[in-house]
Structure formats: structure tokens, C-alpha cells
Amino acid sequence: MKKNIFALCITLSSLLSPLSSLKINADEGMWTLYNLPSQVFAQMQQEGFSLPSTALYSDANAIKNCVVNFSGYCSGVVVSPDGLVFTNHHCGFEAIRSHSTVEHDYMLNGFYAKSYEEELPNENMFVSFMRSQEDITDKLWAEAKKRNIADSEWTPLIDSLQQAMNDSVKLIDKSLHVEIDPFYEGNSYFATVYQMFRDLRLVFTIPKSMGKFGGDTDNWMWPRQTCDFSVFRIYADPKTNGPAEYSKDNVPYHPASWAPVSTEGYKEGDFSMTVGYPGSTSRYLSSYGIREMRDAENATRVQVRGLKQEIMKRHMDASEAVRIKYDSKYAQSANYWKNSMGMNKCIDSIGIIQQKQAYENRIRAYQDSTGYLKGQLDFALLEKLYQKRFELMRAYYYYRETFGRTNELVTRAMRANNGGLELKGPKEKPRKQYFIFDDNSTEWDEALDKEVLIALMKNYREKIPSKYWPDFYTKTVDRKFRGDFKKYVDWLYDKSILMKKGKKIYPNKKKYLKDPGIQMGIDLGALSLGTYMDELTEVSDSINAQEKMLCAAKLRMEEDQPHYSDANFTMRLSYGQVGEYLLNGQPSGYYTTAESLVDKMKKGDFIEDYKAEPIMHELLSAKDFSPYTDQTTGKMQLCFLTNNDITGGNSGSPMFDGKGRLIGLAFDGNWDSLSSDIFFDSKLARCIGVDIRFVLFMMDRWGHADRLLHEILKK
């Protein structure tokens, strides 16, 4: 499971439907913990949460203290006194892949470190703990008023305040840092203090056959049987137990608290809570913005990635070495390819645009009756602005999907043009300064990359008006190669210094600009920063100002309600119950069993995503799963459903019961509610989690990871 506009200020059921009640919907909401409204906590208690409110945020062993931001794209949870972290398998995917070789394929065969010494370090990975959070909106307004700064020009003010706050916290602890984020469409700002640990080591992963069971076939679908987890460990400075860069002398981190793991399970109607880092929702986006999202963004993503993935899959199927290189890239691409398809389907089938338009009519009526933001919030202007931006935005998304992180040559060309590469050589002699691209040949394949680049560049030309083509299309591809992209790409790889292994590249020499790869990067940069960014900035600033006022109007109109902001990858709490829903008119069931997994594995000869090793067939066909059998159903339960409110970034979020005990890890949403980033449908929206007992079972029966199980379960 892996999605911008900040602000969800009222419950979506009341936002979208004029007939809906103003009653709080317990299933919906991504709530900040430090200022959780009393009405919301009272509802949580009514639903079955039995701990005091201080157990969420302010106690020394509060739940927030064991939940982590996992490497800036997922969530995770600390589960032991020695710093073990659970997250999803797909969140650890790239770390697992990066350690894999044809000889030691951890993706295919799994991995278990039987000692601290065998745990594998991971470059550029980290976990962050949220230490505190506060609303600083009033501080910003006061400072802006003192300096006579308009709220549309706050960026330098926010940057200076963030720096001042960072200076202050680092006097207390150098390992802390502050981030200021906009909430409620920029109507509020919160400052969050984080502590980041950069020495994160891979400890355990099961084979991909189980960690990614069902693959693209089952992604975003229910029922699921995926054992989507991986295990890492935080390492710390041996003297301070604080953050430290990787060192062989570092020791396991000893947190003040960690999440207790429960093997008691759950039943339908039981309280369930997720705490994690949801990435981005757009539930306050106007009807005009939703139309743009559907037709310019999602449709583009589906078209381009479908083309790219077909080529990737063909090459991956033909070579194990290529598969290892591209497993993670393919999974990342396919995830939101399918999400975009599902979201567009839901937008149309639910009629979200029409419902949003009806609600906007209520806002107009509120304006007319109260005069609030009259003459400022202008729906006719907002519609006109989106119409002006549509073609440009569609072209921009084609640009991003075609040239952004799809090909090694283009990536190098754009990095060289961006000027972010470290120059080596004498600073006093600029012409002798150079940079070198690291040998990353284990991460890409030339034949695959070439074919993808040829297909995507040709597709971009066919889909986008010529005014949005980069200059090399006409001045090189057409003039030199008569429009033949294959000949152009072969020439690029042959001639460009960017693809010469270990070559020193001198950016201050005259011949640098004549290199065809460098010229490609310059042309792409000019298109991005010139045609796209220059033209987009002006109209987007005007749109954002209108969307911000739209949020403010909704806040004012519903001021008797507790409000939560759209997701922005800050820590949030969502709560609800374990439970099924109607799937194609029939009860979906709220859990899956070992038997259902075995039934799917038997189809592995016909459905590749259901293939599994013989040992997995044997383990999941066992007659006795104790002590992991559910005491109520008598079954080995694998995955389960709750109506918790999640989105991308929540992957790996701990799922707690009413006593604050870990019962699972969130890893996906369901196909029927893929529009939940813009509209939460309480009847259909479900969070899919892997049962923690399934996790422990695989660690035990497949991994024989006794040392880890003892560490996690010891009292």
C-alpha cells in the first residue's frame, strides 16, 4: 500500500453529503496525538479503548514513543528492549534486495541473522521517533504581523523560525531536530521534534513468496494471505544509547518503552487503532481538483507505467540477475499504477465529483448568509484556474512518469545538470575538478533500460503537444536520426561519458557541454524548470490560495465539530473496529485462514503470484498451529480487516487493541475504497493488516528465530 493538498477539517460523510449527520464517524479520522479532542477520546473509550489518554502521548511509556517513521516512506514499531523494529516486507524490500545476489538471494530465500554480528547494515535508511509536537500558528501570525509580512510570503519566516527552534533543541540534545509542517491547507502550522537513528540493520525476512504473496494479482484486494513483515534493529552509540552514524562498535538501542505483543487475537467488533505516518490525503480538494487528479494525474500514471512494467516484467522473467535488480523498482511502480486505476474507478462509481459539487453549493450558501470570505473565495475563479492548468498539468505528469527515475542514463543526466554532485580535485583549479558516478551496475540492466527509455520517449511524443517536447527531440532525434528513438538511445549509451564506468567527468571543460547525455540533461532541466515550473507556479499559487480559503470556510461552517487535517507524513492516530464489509453484495469475512492460503498456493502453476516453496505448503497445511491458533475460531488466522483510516505511508503501522497491545501490522487498503484519499466511505473503506500471530508463526516455524522470539515475548 502506498498519496496533496493539506486539510481535512470535518468528517467526510458530512462534507460530501448534504443529508448526512454531524455525528462523529468513529471509523474516519487521522488525528494528531498531542491535541486529540476530548470528544474523539470519549468515542474511543466507548468503542473499547481502556487506557488513559496520557498513554497515547504524554506518559514516559506512551504509545507514540514506540512508533517510528521508517526511512521517510513507511511506518514501523519497536517491539523489544533491544531495539527490534517491525515494519512491512514491502517497506524493507529495497534493503532486502540490496543485500541479495544470485548466490545469496535473500529476496527469494529469506534471511535470518542468528547473531548481532550477522545483522546487515543499510546505507541511507533510518528511523525517526517523534518526541514532541505543538501548534505554532499564533507564533507565526505574531511574527508576521511584527514584520508586516503577508501570509502568502511566509516561507522565509517559517524557515527562520524552524532554524531558531532547531538551534534551541540542539542545545538540549544534538540528536534532535525540528520540522514545521502546514496543516489544514496552510491555515495552521505545527512544529514537531524528532530524533533520528541512522544505523538500522536487517535482522529477519521471509522469502518473497510469502512476504509478497499474491503480488499484483492480490494487491489492494481482499481476501489477502500476505505475511507482509520484515524485522530490523536500531543501533546506537555504546556510550550514550543515542543516535550515531554506522559503526561496527555501535550496540543495539535500548528504548525506554516498546510495544507489547499480544497473541490473544481479536474478534469482530473489537477496538482497533493504528498509529503511524500517513503520507498524503486530499479530502478537502475541490471538485475541480478531483477532476484534474482523475484525468491528468491518475490516467497518465496508469498509461505510462503499464507500458513500462510490461517491458520490465519481460526482462525480469528472462533473467534471475535482472529480476533481483528490478524487483523493488517494479513493485514500487506497480503499487500506485494499480491504485490509480482503482481510485479513478471509485471516483466515477461513487460519484465523488458530483457529491463534492453539491457540498460546494452549501459553502456558497454559507458565504451568502454570513459574508464569510465573500469576495475572496471565488468558485468561478477556481474553476477557471483549474481549466487553465489542465493541459499543462497533464503534460507535466507525462514528463514525470517518462523521465523521472525510470532509466539510469536519464537519472545520471539530470543529476549532472542539477549540480548536486560532489566535485573532487583542486578547488583552485576548476578545470581539473571532476565527479564520478559510483559503480551501481548491480542496480540496473542496460538492455532493459534501453528498451524502456525508447518506448517511453516515443510514447511521450505521441501523447503530448510539441510545445512540451524537450529540445533534443527535434534538434537531435529528428535531425540526426530521422525520429528513430532506438538509434538515438543506442548512440547515447555508446557516446555519452555518463555511461562510461569509472570515468572522471570534468564539468568545467568545454567538451562537457557537447556530450549528448549532458545535453539531454540540460534540455530536460530547461523543460522542467522553464516551461513547466515557470508556467505552473503562477496558476498553482492562485489555486492554492483558493483551496486554502475553501478549507477555512469549511472549518468555520462546521466549527462545532472536532476537525482533523489531511495527512502530511506526520504521526497520526486512527481508530475503529475489527469487521467485515459487503463485498459484491456478500459478507467479506473479517479474517483469512491457513486453509485459504494453501488453496491459493495450489494454483501456483497457473498464477505466478501464488507460487510458493514446498516448505510453505507443508507449514501452512499443518494440523496444529499452537500456540498461534485463535482461541475463538480454532483457526490459524493470517490477515484481518478493520475500518481504521489509513493511506500510503501507513504501511508498517502498528495495529493495537483496546489495551494498547500489538495485534498486527497495517499493509494495505481494499480495492473498493481506493478513493479514500479524497473520500472516506465508512461502509467500504477497510484497512488490511497481517495478524501478529502469523508473523510470529513464520519467525518460529520457518525461521526458527528463537533468539528473536524470546526477545520479543519475554515479560
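What covers the buried residues of α13? The cover includes α12 (379–403), α14 (446–463), α16 (485–495) and α17 (516–557), with contact meaning heavy atoms within 4.5 Å. This is a predicted model: local features need pLDDT of at least 70, side-chain atom pairs count only at pLDDT 80 or more, and totals for chains, interfaces and linings use all residues. Residues are numbered from 1 along each chain as its sequence is written, and side-chain values use heavy atoms, leaving out hydrogens and water.

**Helix α13**
- Helices (H or I, at least four residues) and strands (E, at least two) are DSSP runs, numbered from the N terminus.
- Helix α13 spans residues 408–418, and E408, L409, V410, R412, A413 and A416 are buried (under 20% relative accessible area, 1.4 Å probe, protein chains only).
- At its start, a side-chain oxygen of N407 comes within 2.9 Å of the backbone nitrogen of L409.
- G419 follows α13 with a positive phi, near 75°.

**Nonpolar cores**
- The largest nonpolar core has 101 residues (buried Ala, Val, Leu, Ile, Met, Phe, Trp, Tyr and Cys joined through side-chain atoms within 4.5 Å).
- Helix α20 (residues 692–702) gives the most to this core: eight residues.
- A second, separate core of 55 residues includes I311, L421, F437 and Y493.

**Cysteines**
- The whole structure has one disulfide (cysteine sulfur atoms within 2.5 Å).
- The disulfide joins C74 to C91, S to S 2.2 Å.
- The S-S torsion of C74 and C91 is about -80°, so the disulfide is left-handed.
- Both C74 and C91 are buried.
- C227 is in no disulfide; the nearest cysteine sulfur, that of C639, is 7.5 Å away.

Notes. Buried < 20%, exposed > 50% of the residue type's maximum accessible area, 1.4 Å probe, protein only. Polar contact = N/O pair within 3.5 Å; in protein donor to acceptor, adjacent residues only side chain to side chain.
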